[in-house]
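Try each task yourself before you read its solution.

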Amino acid sequence: MKVSTLAYSCGQGIKNIKRNKLFSLASVGTITACIFLIGLFYIIIANFQYLVKEAEDSVCITVFFDDDITEKRIQEIGEQLGNREEVSEIKYTSADEAWADYKERYFAEEPDLAEGFRDDNPLAGSSNYEIYLKDLKMQDAFVTYLKTISGIRKVNYSENTANTLTDFAKVVGYVSISIIVILFAVGIFLISNTVMIGITVRKEEIRIMKLIGATDIFVRLPFVIEGVIIGLIGAILPIIALVLIYQKVIVYLMTQFQSFTSIVTFISVRQIFSVVIPMALLIGAGIGLIGSKITIRKHLKV
Amino acid sequence: MIVLEDVSKSYSTGSPAIKNISLKIEEGEFVFIVGNSGSGKSTLIKLLLKELEPTSGKIFVNGKDLNTIKRKKIPEHRRGIGVVFQDFRLLKDRNVYDNIAFAQRVIETPVKDIKKRVPAMLALVGLAEKYRSFPKELSGGEQQRVALARALVNKPTILLADEPTGNLDPKNSWEIMKLLEEINKGGTTVVVVTHNREIVDAMNKRVITMHKGVILSDEKKGEYSYES
């Protein structure tokens, strides 16, 4: 296709929007509503997933060592574990550090009581590694692996927390994908109906084009361009609305529910909209493209 | 140029629209196809444009067997045929210039060529002054001239006119027929479907008379002979 033909089709697409203002407005409204819902849902889901991830990141496995283990062996185990693919962070706490920490927490006001244990650390066997995994799904397999390492006496981990968080993240993921797919399909259906009304009005025009020798792509292109432009406009409006609403809601929650927001953190506007904006534009253009293509197809059979 | 070999066309709902028609129209001929409503004239035009497929038989246009043309080659076939309808079928939201230029844009003619060719066509049909007018601002005769200019702008070898004077008064009808005659003199094959007895009788051209899907007569220099 020549560049001049492409430019002509773009011009016709824009003219079509102007000529059919009412249909164009209805289509923009339809897409705006759909993308607003998709965006809103995505933002809620993303924040949930973010919370779950934060919770997952705070879950760790603690390993304790045999009483007769040497410092060298502890160090070897640390290096071995630190090199594992699934480990995101590993922290060593010696028995002395554990006791110092304990003293600070429970004997801060009565240091004399703790003095009695000066030469006999009551937490002598408590040197340990705290291991944080990149993905909690790997926990079971990793714990099994830990139990095979010589020198490790005990592995502490919370199976329930890990499983609950992992399952919750899974459910949230599935539900979000399902709802986004449903909304996308609804969007295509609605835009297809709206475009169909517009095309029905111009059925005769399409017939004339075909009878004087227009190719399918020449007839289709202005409609597709029209659909994509409407889709993009229909995406920009909810993006603006969502940015404004998200900012306001975060500020409101931060000021009105301080105790709640001290344990819950939200994804920043910049971070979440770096995904929402391209996603909304792609969905808008996609709905416009697919909707108009599907609708015009049957009218091309002249 | 146009050859039909034992062509029939039946619609799923009723009796055949065309029954076992065979005919040949040579390059540069001027032919009237006459007959009453339901005689199969319009079906014939649709078959030539490959808007419809024949139920049986073969159709050749410009040497191409229409039965074997692939779907994506149909636009190319139609570009060799100019077509004019009774109801003009102009694009109502475009002015005269754009209606004619549109046919050129369809075949991706360079813009500089469109700018030369469209005014020439407007001059040919006598509408040079009205290039900015919209269809609703024109009389029936003027709209048909625009349709004629659009049909001819891509220099087709065949011009099909389906009841081109059906919506026109006698004066405008004659002007359109004179234009068609001029176009024919330039070498374009012209096929006019009509039931305008006065014009057919006066033009003294080949007349194919159809009735209920069959050819009743085919006269070299004929008259509108069928009485309903």
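**Exercise 1. Work out how helix H9 (residues 216-256) and helix H11 (residues 269-297) of chain A are oriented to each other.**

Step 1. Start with the axes: those of H9(A) and H11(A) come within 7 Å and cross at roughly 150°. Keep in mind that this is a predicted model.

Step 2. Compare the angle with the cut-off: over 145 degrees counts as roughly antiparallel. H9(A) and H11(A) are therefore roughly antiparallel to each other.

**Exercise 2. Find the order of the strands in the four-stranded open sheet of chain A, and say which strands lie at its edges.**

Step 1. Trace the sheet across: the order is S2-S3-S1-S4, with antiparallel pairing.

Step 2. Look for strands that pair on one side only: these edge strands are S2 (87-93) and S4 (152-156) of chain A.

Step 3. Check the angle between neighbours: ignoring direction, neighbouring strands of this sheet are turned by 20° against each other on average.

Step 4. Zoom in on one pair: S2(A) and strand S3 (residues 128-133) of chain A run antiparallel and are joined by six bridges. Here A:Thr93 has A:Asn128 in S3(A) as its bridge partner.

**Exercise 3. Decide whether strand S6 (residues 81-85) of chain B is largely enclosed, and find the strand it is joined to.**

Step 1. Take one face: B:Ile81, B:Val83 and B:Phe85 are buried.

Step 2. Follow the pairing: S6(B) runs parallel to strand S7 (residues 158-162) of chain B, and five bridges join them. One bridge partner to look for is B:Ile158 in S7(B), which belongs to B:Ile81.

**Exercise 4. Is B:Leu90 buried or exposed?**

Step 1. Locate B:Leu90: its place is in the loop between S6 and helix H3 (96-106) of chain B.

Step 2. Use the cut-off: buried means under 20% relative accessible area. B:Leu90 has 7% relative accessibility, so it counts as buried.

Step 3. For a distance check, find B:Lys112, 22 residues from B:Leu90 along the chain; their C-alpha atoms are separated by 23 Å.

Technical notes. Residues are numbered from 1 along each chain as its sequence is written. Chains are lettered from A and ligands numbered from 1 in the order in which they are written. This is a predicted model: local features need pLDDT of at least 70, side-chain atom pairs count only at pLDDT 80 or more; totals for chains, interfaces and linings use all residues. Side-chain values use heavy atoms; hydrogens and water are left out. Buried means under 20% relative accessible area, exposed over 50%, partly exposed in between (1.4 Å probe, protein chains only). Helices (H or I, at least four residues) and strands (E, at least two) are DSSP runs, numbered from the N terminus. Two strands pair if DSSP finds at least two bridges between them. Axes are lines fitted to C-alpha atoms, for helices over the stretch in contact, and angles run from 0 to 180 degrees between N-to-C directions. Angles under 35 degrees count as roughly parallel, over 145 as roughly antiparallel, 65 to 115 as roughly perpendicular and the rest as oblique.
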